[in-house]
Structures are given as C-alpha cells and as structure tokens.
Amino acid sequence: MSETTSVVPNQHDQKYDRQLRLWGGHGQKLLEESKVLLLGGTAAGTETLKNLILPGLGSFTIVDDQKVVNADLGRNFFVELGDVGKSRAQVTKTHLAELNPDCKDHHAIEKKIDELDADFFSSFSLVIASGASEDNIIKVSKICWDRNIPFVVVDVYGFFGYIRLQDKEHTVIESHPEFSRSDLRISSPFPEFVSFADTFDLDKLGSYEHSHLPFPVILYKAISLWKQKHDGKVPSTSKEKDEFKRFVSTLSRSPKEGNFQEAYSASLLAIAPTNVPSEIQDLINDEKAKHVTKDSSNFWILVHALGEFVQNEGKGQLPLSGSIPDMTALTDTYLDLQNIYNKKAAEHFEALKKHVGKILQGIGKSESAITGEEMKRFCKNSAHLTVVRHSSIASEYSSPSDSLKEALEFDMNGNGPWYVALRAASKFHQKHKKYPTPGDAVAFKTIVNDLLKQLSLPEDFVAEEHIVETLRGENSQLATIAAVIGGIGSQEVLKLITKQWVPLDCTYLFNGHASSSSTFKL
C-alpha cells in the first residue's frame, strides 16, 4: 500500500495564509520588499502604517519633528501616557514595530519635512503623508512625481477623512474584477472544443447523461441549431435574444435539469462577441506599447506582445484564460472539458512567449527579464488589464483643472463643498500657522471665497453649515475616523504595492456626519 504525504505549510505561509490567498506569493513578495516612508506620526498616519506592518511590510521609516502631547493620548493608539514629551517619531516607530517582528527594518527621524532633501526620498517604494502643511505636500508631490514614487496623503479633520493618491502611471495585470464573464469562446469556438461537443447527441443521451451535459456544450448545440434556422445569423435584437433563451429551455427534458438552467442563465455567452475589448485595444494602441525600448516596463512589453498575438495567432482575439466555471456535469466529462481549455490556453501562452522573446531580443534585454509566471498571469488576465494615471497633487493645488470643478459640482453625495472647506482649512493653517476656530470665521470665509474663485465655483457652493462645522472641528483627529481612513488608505496602498486590484482615481472623502463618501477624479 502506497503512503500519502501531505505538504505542511512553513511558518511564514501559515502566518500570512489569509493574504497569500488574496494576492498570492508574488504579491506578498512585493509587500515584503517594500520600503514605506511615513511623514507625520498622526493618528491617521499610524493607523495606515499599522495595516501594512501586520501583513508583512518589509521596512518603514517615520519622519516627525513633533513631541507627543496630551491630545495625542485620546486619538493615537500608538502613544501611551508615559510617552508625553518624547519624540513622536521614536515612540510611534517603537510601538508599531512591536506589531510584527518580521518587520525588522524600521527607523525614526526627528526632522521637519522641509529639512529633507530630494535624494532622501529615492530609496523608498512609496511615501505617505499625514498632517503635513500644504507647502510640504506640494514639495513632496513634485519630488515623488519626478522620481515615479507613489505618494499618498491621508488626513482626518473632525468627522471628515481625506485620501489622495498620486501615481504618475500605475499598471495592473491582476485587477480582480468583481464581475467577469467566463471566457468560453462559445460564439467562436476553437476546433478542439467543437470536436468535444460533437461527440454528444442530445437526442440519444440517456436521462442521467442528458441532465449532466456541461452547459457550454448545451449552448454550442443551441446556437448551432439556431443558426441553421436563421440563415447562419446569431440573435442580435433584444427580442431575438429573449427568443434564444426560451429556445435553450426547450432543449431540456425536465425543469429539474440544473445544467439546462445554467445554460439558460449563461445563454448570452453563446452570442457575445469574443473580440478584443475596446479598453484593451486602447492599451495595445498606446504609444508606450507601440514603441517599446530597453527602458520600457514589463507591462508595456507584454502589451506589445499581446498586440502581436492578436494580429497573428489570436486572429483578432485575446489569449484564452483557460479557466472554466463550476457546472453541473459528470466528473470525467468536466475534467475532459477543463483539459481542452487548459491545453488551448497553454498553446496561446507559448505563442505569446515567443513574441515576448523576440521583443526582448530586439530591444537588447535578457529573455529572463520577464518570467514565465509573469507571462502566465498576464495571459490569464489579459481581458482585464488596467492603467491608472493620476494627476499630480502639485498641479491640482496650483492650477486646478475643469475636471475638478465638474467632479465637485456633480458629486451625487453632496461632498464637494466639504472638499473645498477642508482645502480652505489647510490654506488657513499655511497662512496663520494654526487651524481655524470659531473666532476665525471672517478670515476663514475669505480664504474659502478665494479658493472658490480659483476653482471657478459660485460663492454659495460652500454653505454656512460647511463653514460652521469646519471651524468647530479645529482639526480634531477622532480616533474612530482615523481608524476608518487608516483602513481605506492602507487598502489603497496595498493595491499600489502589490499591483493588484484597481486603486481609486484619485481623491476619496469620507463624511462621518452623513456616513457617506465620495471619490473625485481630478
């Protein structure tokens, strides 16, 4: 009797099991190799950093020239009573490092942001700022923009939270779309699938086999019969599509046949076009994809190769993903079907791999520059590639675009005025070295009106209630709001680090009063 052995996960994989299931070993590796800089050990800043350290961040540095004060005790979980009067950078660094002993590289620097030179930022993978002045945010924005370093601002003001992402170009292969259509190619089937489907005769199958016929085969049979009766045409109008769905149902022998119910639900797969989605074609036509060089990123080299594949082996289609959904079917039949799709996907992968090899050779890069695993992930997700290009924070502050005005005016949750009010509070702090209080109403309103003019918004855009609440907030950093912003902010940072999921574009505002939030594309 042969013995079976089970592979026991190592201590590392056991510890990080949950996120390994989310973003895989390659995503975890990127996180563990990342070096994050936090400018400002505020409540929101430390909450954000906490959520990066726990899953295994490799290195972090906190820059803060402030001392811990009594007010910090009620809002920042990473300071204690005995820390009052001590360096906030040192204190928060120590407490955060205790969360995960795997994060062994951590530093605290007691300096003002404006004392840091531009070269200091070059060694970091990503920069987070919290509680920084507008001038310092603009300074760091320009430095990070010039060096292609992602920059994230996280702040809390009373019941409001603010997150701003800046990444000149963020490319995503694994976007993990919430809803995606199975890539079964039923409307334009490949020969191996046709041969497999043709081995089944609906009229001759026994009751058990008939009720376990895979739904892709049912749909292939249905669309073939439909085309025979309609001069080779597929359903195109809404009426014809409804008729086709009803036709699929007529092929069933009993309402209890779950496989035919699956076919009915997925009937549009039989008529949906399998051509390249417009957003993917836009990437193929992008100048960065059309003209790759030795300095091009792996993403754009792969997109260039994708264009070559589509024009040649793909015949106008993307590589097959190779995965099929769960379905009612006999085990052997399902495995045979799965094997057919896997083999075709492997063929497409090999074809793309050859194109990548030729491109790398042509631009003078080693063929090992792009690994086989990376190419496989690219093939599997080629229908969902995404590129996000943020505007710079410096340009937003100095010369706001028309898109900013439109985003604020047409926000469905009514949070546009709060964006203006919070920006005005920051400008007030920049000018008066303190945040506005109820006694500063006149001076604050002047700054609000100046900002509204700069944004080409009407004076009544910011109402009295927005003014009063902002003045009442006095930049109080509520721990609960900081926890919310830290959670959302760290989620966006993880997207930027792992290059998975699509980060927000590009400003997020949380309204604790109304329990609502808005995202503004600026």
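I call a crossing left-handed if the near helix is turned anticlockwise from the far one by less than a right angle, and right-handed if clockwise. The model under study is predicted: local features need pLDDT of at least 70, side-chain atom pairs count only at pLDDT 80 or more, and totals for chains, interfaces and linings use all residues. Residues are numbered from 1 along each chain as its sequence is written, and side-chain values use heavy atoms, with hydrogens and water left out.

**Entry 1. Helix 20 and helix 21**

I took helices (H or I, at least four residues) and strands (E, at least two) as DSSP runs, numbered from the N terminus. I looked up helix 20 (residues 441-454) and helix 21 (residues 464-473), whose axes lie 11 Å apart at an angle of about 120 degrees. The axes are lines fitted to C-alpha atoms, for helices over the stretch in contact, and angles run from 0 to 180 degrees between N-to-C directions. Helix 20 is therefore oblique to helix 21. For such labels, angles under 35 degrees count as roughly parallel, over 145 as roughly antiparallel, 65 to 115 as roughly perpendicular and the rest as oblique. Helix 20 contributes Ala 441, Phe 444, Lys 445 and Val 448 to the contact, and helix 21 contributes Glu 464, Ile 467, Thr 470 and Leu 471; contact means heavy atoms within 4.5 Å. I sorted the residues of this contact of helix 20 with helix 21 into five nonpolar, one polar and two charged. Here Ala, Val, Leu, Ile, Met, Phe, Trp, Tyr, Cys and Pro count as nonpolar, Asp, Glu, Lys and Arg as charged, and the others, Gly among them, as polar.

**Entry 2. Helix 15 and helix 16**

I found that the axes of helix 15 (residues 331-362) and helix 16 (residues 372-380) come within 10 Å and cross at roughly 120 degrees. Helix 15 is therefore oblique to helix 16. The crossing of helix 15 with helix 16 is right-handed. From helix 15, Phe 349, Leu 352, Lys 353 and Val 356 meet Gly 372, Met 375, Lys 376, Phe 378 and Cys 379 of helix 16. I recorded six nonpolar, one polar and two charged residues in the contact of helix 15 with helix 16.

**Entry 3. Helix 10 and helix 11**

I noted an angle of about 170 degrees between helix 10 (residues 238-250) and helix 11 (residues 258-265), with their axes 9 Å apart. Helix 10 and helix 11 are therefore roughly antiparallel to each other. Lys 245, Arg 246, Val 248 and Ser 249 of helix 10 meet Phe 260, Ala 263 and Tyr 264 of helix 11. The contact of helix 10 with helix 11 has four nonpolar, one polar and two charged residues.

**Entry 4. Backbone in two loops**

I located a cis peptide bond between Asp 505 and Cys 506, with omega about -10 degrees. Cys 506 lies in the loop between helix 22 (479-498) and strand 9 (507-511). Asp 231 is not a glycine, yet has a positive phi of about 55 degrees. I placed Asp 231 in the loop between helix 9 (215-229) and helix 10.
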